[in-house]
Amino acid sequence: YPAPFAYAKLSDDGTAAASETNIGAGATVVEIESNSGDIIWDGSNDYFTVVKAGTYELTARVVIEVASTTVVTLRIRTVSSTIHNTYSPKINGAVDPQEATIHAVFTAAADDDISCTHQDDGAVNVNAGAGTTMVLKRLL
């Protein structure tokens, strides 16, 4: 059998905010789960829940939209606060949306919640746009 995975795609734009926001918030999200006994997309909280402990890989391709040129920080994190990767591209408001990819391989405990977030470095509204995708796979 293939390794367990879950996929989430934004069908429309997510919530615009300067504060740290889970990607998927405010958007219509289409999800595919290979088996809900392994990984679940929680549409109420906009994160993945891993049912089993293991090593996981998350790749997010984020369509970033901004109100004006700014630095946006993307994070892959366990909701309990462990940050697995951070990337901070400068997004030009005159040519947005711009696409950015963030990736991480990490260990997670059973029932950990895993999110990908965006946050502005100041007070500019940022959102994940339609077409943003996230794939979480269990490797081991």
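**Exercise 1. Determine which strand pairs with β6 through three bridges, and then describe the remaining partners of β6.**

Solution. Strand β12 (residues 126-128) is joined to β6 by three bridges, and the two run antiparallel. Strands here are DSSP runs of E with at least two residues, helices being runs of H or I with at least four, both numbered from the N terminus; two strands pair if DSSP finds at least two bridges between them. The model is predicted, with pLDDT of at least 70 required for local features and 80 or more for side-chain atom pairs, while totals for chains, interfaces and linings use all residues. Residues are numbered from 1 along each chain as its sequence is written, and side-chain values use heavy atoms, without hydrogens and water.

Step 1. Within β12, Val126 is the bridge partner of Val66.

Step 2. Strand β10 (residues 98-108) runs antiparallel to β6 and is joined to it by 11 bridges; there, Ala60 has Ile102 as its bridge partner.

Step 3. Strand β13 (residues 133-138) is also antiparallel to β6, with six bridges, and Lys137 in β13 is the partner of Glu57.

**Exercise 2. Explain why strand β6 is described as largely enclosed by the rest of the structure.**

Solution. Buried means under 20% relative accessible area, exposed over 50%, and partly exposed in between, using a 1.4 Å probe and protein chains only. Of the 13 residues of β6 (residues 54-66), 11 are buried, so the strand is largely enclosed by the rest of the structure.

**Exercise 3. Classify the geometry of the aromatic pair that the structure holds.**

Solution. Rings of Phe, Tyr and Trp (its six-membered ring) pair if their centres lie within 6.5 Å; planes under 30 degrees apart count as stacked, over 60 as edge-to-face and the rest as tilted.

Step 1. The structure holds one such pair. The ring centres of Trp41 and Phe48 are 4.9 Å apart and the planes stand at 70°, so the pair is edge-to-face.

Step 2. Trp41 and Phe48 are both buried.
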